[in-house]
Amino acid sequence: MNALAELYYNLQNSLCPRLRHLDGLPPLALRLYLVPVFWVAGTQKLAGIDSTIDWFGNDEWGLGLPAPELLAYLAAYTEVIGALLLLLGLATRWIALPLIVTMLVAIFAVHWDQGWAAIADSGSREIAVRLGTAKDILREHSNYSWLTEKGSFVILNNGIEFAVTYLVMLLSLLFTGGGRYVSVDYYLSRLYPNPAR
C-alpha cells in the first residue's frame, strides 16, 4: 500500500505545480458563464421595471417583498453591474457578495416551493402523461415542428437547481477572486500590492 501511496503523491507532485500557472482559467470560466445569466436577468428587470416592481410587491401572485420599488432596482442594477464587473474580473470578490444575496432571495422567495429540479422529470409517469397530452394538443392545433424547431417541449418545474448552481459558482469566486492572469483584479494587485501581506 505504501508503494501505491508513494506513486500517487509522486504523480500529484509532478503534475500540480505545472497546473498552478493555469489556475486562473477556472475562475475565468465561472465568470464568463455567469455574465450572460446576470446580464439577461438584470436587463429584463430594467426593461420591464414596472412589472418587476409589481411582481416583487404583490402578495397574491408575486413575491410579496417589502419596499418592492427599492428591491427591484437594487436587484436589477446589481445583476447588470455585476455582469459587467464579472466580465472584466474587476472587484470580483466584492460583487460576488450582493450577487450571492440575490441568489439567496431567488432561492427562498421564488423557487423554494417547487423543490430542486428546474425542469420537471419527464421520466415521472404523471409528468410524462401531461407532457404527452400537451404535445398531442400542439400537434393537432398548431405547427408543432415549428414550435419545437429550436428545442424540445418541456414542463418547467422552476425549482432551485439553477439558482443554487449560480450561488455555488459565486461562492467559489468569492474565495478565489477573478483569477490569475485573466482578471483586472490580478493586474491591479500587481500594480498596488496589499501592504498587509
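The views show a predicted model, in which local features need pLDDT of at least 70 and side-chain atom pairs count only at pLDDT 80 or more, whereas totals for chains, interfaces and linings use all residues. Residues are numbered from 1 along each chain as its sequence is written, and side-chain values use heavy atoms, with hydrogens and water left out.

View 1. Helices are DSSP runs (H or I, at least four residues) numbered from the N terminus, and strands are runs of E of at least two residues. Lysine 45 has a relative accessible area of 16% and is buried. Here buried means under 20% relative accessible area, exposed over 50% and partly exposed in between, with a 1.4 Å probe and protein chains only. Residues up to four places away in sequence not being counted, lysine 45 touches Thr52, Phe56, Ala75, Ala76 and Glu79; contact means heavy atoms within 4.5 Å.

**View 2. The buried residues of helix α5.** Helix α5 comprises residues 92–111, and its buried residues are Thr92, Ile95, Ala96, Leu99, Ile100, Thr102, Met103, Ala106, Ile107 and His111. These residues pack against four helices: α2 (25–47), α4 (68–88), α8 (161–176) and α9 (184–191).

**View 3. Aromatic pairs.** Seven aromatic pairs are found in a search of the whole structure. The rings of tyrosine 8 and tyrosine 9 form an edge-to-face pair, because their planes are at 75°, with the centres 5.0 Å apart. Tyrosine 8 is partly exposed at 49% relative accessible area, and tyrosine 9 is partly exposed at 45%. Tryptophan 55 and phenylalanine 56 also form an edge-to-face pair, at 5.6 Å centre to centre and 65° between the planes. Tryptophan 55 is partly exposed, at 31%, whereas phenylalanine 56 is buried, at 7%. One aromatic cluster is formed by Tyr181, Tyr186 and Tyr187. Rings of Phe, Tyr and Trp (its six-membered ring) pair if their centres lie within 6.5 Å; planes under 30 degrees apart count as stacked, over 60 as edge-to-face and the rest as tilted.

**View 4. A salt bridge between arginine 180 and aspartate 23.** The count of salt bridges comes to four, a salt bridge being a side-chain nitrogen of Lys or Arg within 4 Å of a carboxyl oxygen of Asp or Glu. Arginine 180 and aspartate 23 meet at 2.9 Å, N to O. Arginine 180 lies in the loop between α8 and α9, and aspartate 23 in the loop between α1 (2–19) and α2, so the pair ties together parts that are 157 residues apart in sequence. Both side chains belong to partly exposed residues: arginine 180 has a relative accessibility of 24% and aspartate 23 one of 36%.

View 5. An α-helix has 3.6 residues a turn, so residues three or four places apart point the same way. Arginine 139 is partly exposed at 46%, and aspartate 136 is partly exposed at 47%.

**View 6. Isoleucine 119 in the loop between α5 and α6.** Isoleucine 119 is partly exposed, with a relative accessible area of 40%. Neighbours within four places in sequence left aside, isoleucine 119 is in contact with Val154, Ile155, Asn157 and Glu161. From isoleucine 119 to leucine 11 the separation is 108 residues in sequence and 41 Å in space, C-alpha to C-alpha.
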